[in-house]
Amino acid sequence: MPLVAGNWKMNGDVELAEKMQQTFGATSIENVDILICPPFPYLSSLSSDSFAKGAQNLSQFAKGAHTGEVSATMLAEVGCQYVLIGHSERRQDNGESDDVVALKVQAALENKIIPVLCVGETEAIRESGDFLKCIAAQLDKVIALVGITQFAHMVVAYEPVWAIGTGKTASPEQAQEVHKFIRQHLAGLNSEVAQGLRILYGGSVKAANAKELFSQPDIDGGLIGGASLDPQEFLNICLAAKS
Ligand code: PEP
């Protein structure tokens with residue numbers, strides 16, 4: 001089943017949380033899993049049978065002297081089923097390395113929270129032609145730490161950095177090329193896990209371009225930033241994921 005996830009980033013408020021609940025409560029969308037990832041303070045107030053909730057980050061540490069951090073057990077306690085890990089804004093703003101990303105994936109898995117592992121190349125790497133190597137390296141660090149079989153409990157999101165929040169969407173063919181590569185790369189280690197893995201596309205997805213992207217054979221849904229702040233637009237994107 002496809003998965004459509006909304007990443008509010010550092011946006012939204014209690015009012016938006018309420019509007020989302022109303023909008024999604026009033027429409028039943030079958031055969032699409034929906035996930036909303038608001039900032040931490042709104043996780044407790046978001047609750048709906050229509051969508052799952054997730055965090056945008058977590059600490060790689062279990063507890064203790066890590067001021068400002070939030071642990072996987074805390075997220076589980078407020079009903080988070082998913083967590084975004086390795087979003088490019090965290091890699092850029094907070095210097096999160098592939099090693100830290102792998103530790104965070106491990107922390108989520110240990111607490112039965114589904115990691116949405118974000119990978120993607122910068123514009124410079126895309127232009128250099130080495131983008132598939134970059135994606136493979138990002139995946140390999142995680143595989144080395146948690147093992148390929150754990151990908152059965154994970155989601156991967158391909159988010160080309162040059163397409164995030166820029167309005168420059170990857171073409172369906174560009175996105176499909178990388179999604180297919182991700183699946184083949186993992187299939188080299190475990191084909192069953194690779195076949196079952198949901199690989200989301202993220203980068204300037206809107207209702208107007210969602211259907212074409214989601215109809216690609218290796219695109220299993222989307223990770224939506226800006227457009228997930230408008231409940232009706234986000235709902236329309238979720239509807240576009242219905243096969
Ligand atoms: C994102 O934040 O993960 C994202 C894809 O943003 P946008 O949809 O705004 O490009």
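Modeller: Gladly, and let me start with burial: buried means under 20% relative accessible area, exposed over 50% and partly exposed in between, with a 1.4 Å probe and protein chains only. This is a predicted model, in which local features need pLDDT of at least 70 and side-chain atom pairs count only at pLDDT 80 or more, while totals for chains, interfaces and linings use all residues. Residues are numbered from 1 along each chain as its sequence is written, and side-chain values use heavy atoms, with hydrogens and water left out.

Colleague: How many disulfides does the structure hold?

Modeller: There are 0 disulfides; the term asks for a pair of cysteine sulfur atoms within 2.5 Å. For Cys118 the nearest cysteine sulfur is that of Cys37, 9.0 Å away, and Cys118 is in no disulfide. Cys238 is in no disulfide either, with the sulfur of Cys37 again its nearest, at 12 Å.

Colleague: Where does Cys37 lie, and what does Cys37 touch?

Modeller: Cys37 lies in strand 2 (residues 33-37); strands (E, at least two residues) and helices (H or I, at least four) are DSSP runs, numbered from the N terminus. Not counting residues up to four places away in sequence, Cys37 touches Gly6, Asn7, Trp8, Gly54, Ala55, Gln56 and Leu84, where contact means heavy atoms within 4.5 Å. Asn7 is 30 residues from Cys37 in sequence, yet their C-alpha atoms are 5.0 Å apart.

Colleague: What makes Phe24 and Phe234 a tilted pair?

Modeller: Rings of Phe, Tyr and Trp (its six-membered ring) pair if their centres lie within 6.5 Å; planes under 30 degrees apart count as stacked, over 60 as edge-to-face and the rest as tilted. The structure holds 3 aromatic pairs. The ring centres of Phe24 and Phe234 are 5.6 Å apart with planes at 55 degrees, so the pair is tilted. Phe24 belongs to helix 1 (residues 14-25) and Phe234 to helix 10 (residues 231-240), 210 residues apart. Phe24, at 1% relative accessible area, is buried, as is Phe234 at 0%. Together with Phe51, Phe24 and Phe234 form one aromatic cluster.

Colleague: And why is the pair of Tyr158 and Tyr201 called tilted?

Modeller: Their planes also meet at 55 degrees, with ring centres 6.3 Å apart, so the pair is tilted. Tyr158 sits in strand 6 (residues 155-158) and Tyr201 in strand 7 (residues 198-202), so the pair ties together parts 43 residues apart in sequence. Both tyrosines are buried.

Colleague: Which residues touch the most other members of the largest nonpolar core?

Modeller: Phe151, Ile182 and Phe214 do, in a core of 66 residues. A nonpolar core is a set of buried Ala, Val, Leu, Ile, Met, Phe, Trp, Tyr and Cys residues joined through side-chain atoms within 4.5 Å. A separate second core of 13 residues includes Leu3, Ala5, Ala52 and Val116.
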